[in-house]
Amino acid sequence: MPDFNVEAHWCCETVRHWQAKVEGHLVYWGPFPPQAAYGYGMICDCKGYRFRGTCRHVKQAEEMRCGWQAFVHGDEPTEDGKCPRCGGPVTAERYAV
Ligand SMILES: [Zn+2]
Ligand SMILES: [Zn+2]
């Protein structure tokens with residue numbers, strides 16, 4: 001049943017959680033710092049990242065991550081409910097209006 005008091009914004013699941021191996025390092029995208037109420041970022045497990053707060057793995061990972069959001073990039077989920085850009089699972093952000 002449609003609920004006209006709630007707007008759903010589709011986005012790729014990579015908007016919330018994502019991780020990849022880049023040159024043997026685990027790069028993780030998610031709420032950052034983990035205790036933050038909002039704000040997302042990329043974390044790498046290498047020494048360079050711990051030292052400088054960024055590294056080349058993070059930069060490579062930024063290009064690998066899909067990050068599709070309907071209200072930012074347009075498009076809609078495919079008919080079988082997948083991300084139109086990467087074909088991965090989608091999730092709905094719901095906002096009460
Ligand atoms: Zn790194
Ligand atoms: Zn995607």
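The model is predicted. The protein contains three helices and five strands, and their order along the sequence is β-β-β-β-α-α-α-β.

**Overall composition**
- Of the 97 residues in the protein, 16% are buried.
- Among contacts with a separation of 6 or more, 50% join residues 24 or more positions apart.

- In soluble globular proteins, nonpolar side chains tend to be buried together.
- The largest nonpolar core in this protein has eight residues: W18, V27, W29, M42, C44, C55, V58 and A61.
- Two or more residues of this core come from each of the elements β3 (25-31), β4 (40-44) and α2 (56-64).

- V27 lies in strand β3.
- V27 counts as buried because 25 other C-beta atoms lie within 10 Å, where 20 or more are required.
- Beyond residues up to four places away in sequence, V27 touches Q19, A20, V22, M42, C44, H57, V58 and A61.
- V27 and A61 are 34 residues apart along the chain, and their C-alpha atoms are separated by 7.0 Å.

**C44, another member of the largest core**
- With neighbours within four places in sequence left aside, C44 is in contact with H25, V27, Y49, C55, H57 and V58.
- Of these partners, V27, C55 and V58 also belong to the largest nonpolar core.

How values were computed. Residues numbered from 1 in each chain as written. Chains lettered and ligands numbered in written order. Predicted model: local features only at pLDDT ≥ 70, side-chain atom pairs only at ≥ 80, totals over all residues. Core = buried A, V, L, I, M, F, W, Y, C linked by C-beta atoms within 7 Å. Buried ≥ 20, exposed ≤ 12 C-beta atoms within 10 Å, placed from the backbone. Helix = DSSP H or I, 4+ residues; strand = E, 2+ residues; numbered from the N terminus. Contact = placed C-beta atoms within 7 Å.
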